[in-house]
Amino acid sequence: MTTVASRDLRNHTREILDRVAEGDAVTITINGKPVAELIPPRTRARSSMPLAELEDLLRTQRPDATLRTDLEWISEGSTDDLGDPR
């Protein structure tokens, strides 16, 4: 684990955060005493998925067995029969 003074964190924020992003843990100190730790996130959400992976997921995953019943129960309270409010 790397130790960095708060002054250095202020002056070199980007470089230190790049190190954390690469997997390093960094301890931040004030007057030589540890006050915080910067660690990489445990998981990162993917921003996208390849189309083939999505198609495979849709092919293999099925909704919960009670979903249809739940949706029917929810739709019983629908206001669709009231018509257009305009």
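Colleague: Leaving aside its neighbours within four places in sequence, with which residues is Val4 in contact?

Modeller: This is a predicted model, in which local features need pLDDT of at least 70 and side-chain atom pairs count only at pLDDT 80 or more, while totals for chains, interfaces and linings use all residues. Residues are numbered from 1 along each chain as its sequence is written, and side-chain values use heavy atoms, with hydrogens and water left out. Contact means heavy atoms within 4.5 Å. With neighbours within four places in sequence set aside, the partners of Val4 are Leu9, Ile16, Val26, Thr27, Ile28 and Thr29.

Colleague: Which residues make up the largest nonpolar core?

Modeller: A nonpolar core is a set of buried Ala, Val, Leu, Ile, Met, Phe, Trp, Tyr and Cys residues joined through side-chain atoms within 4.5 Å. Buried means under 20% relative accessible area, exposed over 50%, and partly exposed in between (1.4 Å probe, protein chains only). Helices (H or I, at least four residues) and strands (E, at least two) are DSSP runs, numbered from the N terminus. The largest such core has five residues in all: Val4, Ile16, Val20, Val26 and Ile28.

Colleague: Which elements give two or more residues to this core?

Modeller: The core in question is the one made up of Val4, Ile16, Val20, Val26 and Ile28. The elements that contribute two or more of its residues are α2 and β2 (26-30).

Colleague: Is Thr29 buried or exposed?

Modeller: Thr29 lies in strand β2. Its contacts beyond four places in sequence include Val4 and Pro34. Because its relative accessibility is 9%, Thr29 counts as buried.

Colleague: How many bridges join β2 to β3?

Modeller: Two strands pair if DSSP finds at least two bridges between them. Strands β2 and β3 run antiparallel, and Ile28 stands opposite Ala36 in β3. The number of bridges joining β2 to β3 is five.

Colleague: Why are Arg14 and Asp18 separated by about one helical turn?

Modeller: The side chains of Arg14 and Asp18 meet in a salt bridge (3.0 Å, N to O), the term denoting a side-chain nitrogen of Lys or Arg within 4 Å of a carboxyl oxygen of Asp or Glu. Arg14 is exposed at 60% relative accessibility, whereas Asp18 is partly exposed at 32%. The separation is about one helical turn because the two residues are four residues apart in helix α2 (residues 13-21).

Colleague: What is the distance between the closest N and O atoms of Asp56 and Arg59?

Modeller: These residues are three apart in helix α3 (residues 51-60). Asp56 forms a salt bridge with Arg59, and their closest N and O atoms are apart by 3.6 Å.
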